[in-house]
Every structure is written in structure tokens, then in C-alpha cells.
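Q: Could you walk me through this one? I have not looked at it before.

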Amino acid sequence: MVSPALRQHEDDPSGKHILAVDDIGRILDRIAHQILEKTKGAPDTMLLGIPTRGVALAGRLAERIRRFADIDVPAGTLDITLYRDDLRRNALRALGPTELPAGGVDDQRVILVDDVLYSGRTVRAALNAVHDLGRPASVQLAILVDRGHRELPIRADYVGKNIPTARDENVAVRLTEYDGFDAVVLTGGRER
Amino acid sequence: MRHLLTTKELTREEAELILDLSGQMADAVTGREVPKLPALRGRTVVNLFYEDSTRTRTSFETAAKRLSADVVNFAAKTSSINKGESLRDTALTLQAMGADAVVIRHPAAGAPQRLTEWLDGAVLNAGDGTHAHPTQALLDAYTMKRRLGGIEGRTVAIVGDILHSRVARSNIWLLSKLGANVRLVGPPTLLPKGIDDWPVEIGYDLDASLKGADAVMMLRVQRERQNAAFFPTANEYARLYGLDERRLALLPDHAIVMHPGPMNRGMEIAATVADSPRATITEQVTNGVWVRMAVLYLLLTNGEAR
């Protein structure tokens, strides 16, 4: 059963806005700088966005890294649908494309990019998907929002914002590329 | 969608979903270091073949293995089926072993339908008598979509032994549902009776039917199903209904030549035509794997499967 608050959100995002467009911009600026710092100028590095919204975030990070340091870090797409562990239980999911930058993942530093880190199951699936594509030198994880409640031993290397949540709440990331505006919205759960 | 028995019962939306998924499967696997996806790990797919087949059985087997399913092959000639076990008893055996999907080919029309009454798992029809062969039609449609850019409004000539062809029947329902114009061409003795309400044009002159066709689908003359004289000699059949170089030139430049295989070279199709770049015969085989992956994925992961 979808809570009334969530249903309302589908049409009009009137949930609790946690981050606005400026916050998201600053967070991405910071993550881009952190990537440059932690990887010492990002040689042999690629960003792989996990559909849907990780793809746009990976593109934005690549654009910022190019702007800040004049370094080209290619951005690609990694679809993980067929690697999910709940295929048998849930309704059919359409597959998305997987588009790797030229050269593939072999011996590259692969930075996975997603919008929300929650149970960790998506990242687990992504690690398996990368493993089937080749042998990267290392794999890191960049995430816009970490909402906790991990079910697997997974943590992110780059975290935009930690948002403590209840399990019955929902964190929705809205991005201009898909939704026409940037925001992170908390919906559902009991009123607090 | 629980089973895939015929293309007639598919909705247009379901058919288009399968074709889209097939393309996504091709993209997901092509050019990878490990051409295998874990989507059906731990599921069992049984190939139950009461008729000879290399292409369809290996295609289903490859598709299932690409999705990491376990595959069990039952061939009638080497199993207890040969000792007189009934279809129902075989089905109950498979049920007891926990088959998640059963791919069945059977000489009797309707056998896959009966199987659905005894099994909890999904049933995929891989050809039943002269009735239906849905995955072949889907891979033909997928090939046309890829090569012609679409199916809506295209004209397809299906040529030859329509009477005995489950491939033709499945294609007629699928392609007309997807908006193609379907022409049937063959000797009157090899066209079924009572097809006035089929969504097709019927012709007896191959030269005339080739004009303006975007795709021509040559059918194998199924001698193993023929116990009567449907045409005087093989030579005459080849002359009247075989696709040779002269007839190939009658087709528009963009038109493709399809054949579900196995071919009788020199009979319904000349060797030079079968090997020409306009023939999509090996491409159809490749596409068959994508389409069967899509169908297995659709039937085994939709949350309706047990």
C-alpha cells in the first residue's frame, strides 16, 4: 500500500525537501574534488553510472572533473537488472543499456556512481556485473545520499550526504535530466 | 504471461515487449568477457523433444545457459518415452524433479497445451505438429525489425509448403498483429483449406508475389510429413516455387531472404541465393538465441512463476 504522502509526491513533490539544487551542486563539486584528490588526478579511471539516476550523476561528475582539472574521465552506464537477487520475486523489470567507455574496464579504476545507498544490494549486483565485464584494477563507490540500513558489508568511498532515515521512509532523488528539477525529497513514514 | 504456446494468443504489447527485450539481451551479452548473465541462476529448464531438432534445441539450450539456468535435455529416442511412457507420466516426472520451465516439441498439435495442465512451471512451445512454433516467428519478426527498420506496413511473402508449416502459421498471426501485410504463395495442394478468414493475401504465382515484397520467407518442403503426392516432381517444384537468382532480382533492393532452416538447397532455395548477402539465414539463428533468452527471462522472472 502506497502511503498517501508518497502518492501525493508522484505528482507534486511536497515531501520533506532535504537537499535543494544548490546543495546538490555543492556536493557534486566536493565529490569531484575528492575523486581527484584520492585518485591523484584520476589516471586510468572511469565513472560507471547505475541506471537510472546514477547515469546522470556520473555525467555531471565527469563534467566537473573536466572543468576543475582539465582531465577527461570517461563516463559510462552499467545496467544491473540481470544481476539483482530479487528477480524471482518482483515484477518484470525492463533492461537498460550497458555502455562502457572504449577500452573496457580491464586494469582501470572503476568508480560506480548511484543516487542512494540503502541495503547495498544494488552495489553487490553492480560488483558482480563489473566482474563479468573484465578485471578492473580497483572499484570504488560514489553516492549522493547514504540513508543507512545496510544489509551487506558495503560502504561508499565518496558520500554526498548521510541522511538518517526510518525504513518506512523513502528517499527520492530528483534530477533535472529526468524530473525537470534537482532535489532530494524524504517521503513516507510517520510525521516527525 | 505464464506460458508461450502460440503467437495467436500474444497481445501486440506482449509481442513488442519480447522483441524489445531480445534486443536488450543481445546488447547485454555481445562483446563481453563473460557472455553469461546470472538472471536465472538455480532455475531448471527442461528440453523435452519428441521430434528431431538441432537448431531449436541447441538454441534454447544456449539461451538458458547464457542466463545461467541449468538445462536438462530429454530426447525421445534415448529416454523412457521410447519405452512407451505417456506424455502425462513424463510431465509428472518433470514436475517431481522441479522443472521451472519445460520447452516441448511434439508431433501432435496441442501437446504443449496439455502439458500446462500437469505442470506448475512455464511451458514453452518449441513446435507442435503443424500448429505453432512461436519462438521461430518471434525470431523472424526480430530479424525483420532489425534489417528492415520495422514491421508495420512491410510486406512479407511466405512461400511454399504452408500446409505443413507451423512456422508459417505462427508468422501469419504474429506479423499481421504487428501490422505487416502477409502474402502466402505456393501450389494449391500445399495451401491449407478453410483459410479465407486468415489475415493474408493468397497467390499461386511466385514471380507476381515477389514484386514489392520487403521480405520473402522460404519454407522447407517437409517431405517427412507428406504421404501424398502434393506436386509432380522436385524439379517442377523448384522451377515454379524455388527462389533462384532470376527471382531474387525481382525483389526490391532492400528486401531480405529468410529461411527457418534446415534448407533443401536446390529445392525451395538455390544455393547461390542462400549464400547471398541478402539472405538472413545465419542471422536468424543468432537472433533465435536472443529471442529465447528474452522469453525465458520473461516467463521465469515475472513474479508469477512459482
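Predicted model: local features only at pLDDT ≥ 70, side-chain atom pairs only at ≥ 80, totals over all residues.

Q: Ok, chain A to start with. How many helices and strands does it have?
A: Chain A has 5 helices and 8 strands, where helices (H or I, at least four residues) and strands (E, at least two) are DSSP runs numbered from the N terminus. In sequence order, the pattern of chain A is α-β-α-β-α-β-β-α-β-β-β-α-β.

Q: What share of chain A is buried?
A: Of the 192 residues in chain A, 42% are buried; a residue is buried if 20 or more other C-beta atoms, placed from the backbone, lie within 10 Å of its own, exposed if 12 or fewer, and partly exposed in between.

Q: Now chain B. What is it made of?
A: Chain B comes to 11 helices and 9 strands. Its radius of gyration is 19 Å, which agrees with the value near 19 Å that a compact globule of 306 residues would have. Buried residues account for 47% of the 306 residues in chain B, and its C-alpha atoms fill a box of roughly 55 × 45 × 35 Å along the principal axes.

Q: How many residues does each chain put into the contact between them?
A: Chain A gives 15 residues and chain B gives 15 residues, with two residues in contact if their C-beta atoms, placed from the backbone, lie within 7 Å. On the side of chain A that touches chain B there are 8 nonpolar, 4 polar and 3 charged residues. For those classes, Ala, Val, Leu, Ile, Met, Phe, Trp, Tyr, Cys and Pro count as nonpolar, Asp, Glu, Lys and Arg as charged, and the others, Gly among them, as polar.

Q: Back inside chain B: at what angle do α1(B) and α11(B) cross?
A: Helix α1 (residues 12-29) of chain B and helix α11 (residues 281-300) of chain B cross at roughly 115°, and their axes come within 8 Å. Axes here are lines fitted to C-alpha atoms, for helices over the stretch in contact, and angles run from 0 to 180 degrees between N-to-C directions. That makes α1(B) roughly perpendicular to α11(B), given that angles under 35 degrees count as roughly parallel, over 145 as roughly antiparallel, 65 to 115 as roughly perpendicular and the rest as oblique.

Q: Which residues meet there?
A: From α1(B), Ile18(B), Leu21(B), Ser22(B), Met25(B) and Ala26(B) meet residues of α11(B), including Trp290(B), Met293(B) and Tyr297(B). The residues of this contact of α1(B) with α11(B) divide into 11 nonpolar, 1 polar and no charged.

Q: How does α2(B) pack against α11(B)?
A: Helix α2 (residues 55-66) of chain B packs against α11(B) at an angle of about 55°, with the axes 8 Å apart. The two helices α2(B) and α11(B) are therefore oblique to each other. By class, the contact of α2(B) with α11(B) has 7 nonpolar, 3 polar and 3 charged residues.

Q: Changing topic, where are the cis peptide bonds?
A: One joins Pro51(A) and Thr52(A), with omega about 5°, and Thr52(A) is in the loop between β2 (45-49) and α3 (53-69) of chain A. Another joins Gly261(B) and Pro262(B), with omega about -10°, and Pro262(B) is in the loop between β9 (256-258) and α10 (271-274) of chain B.

Q: Why point those out?
A: Most residues other than glycine have a negative phi, and most peptide bonds are trans.

Q: Which residue has a positive phi of about 55°, then?
A: That is Lys40(A), which is not a glycine. Lys40(A) counts as exposed, because it has 8 C-beta neighbours inside 10 Å.

Key. Residues numbered from 1 in each chain as written. Chains lettered and ligands numbered in written order. Rg over C-alpha atoms; globule rule 2.2 N^0.38 Å.
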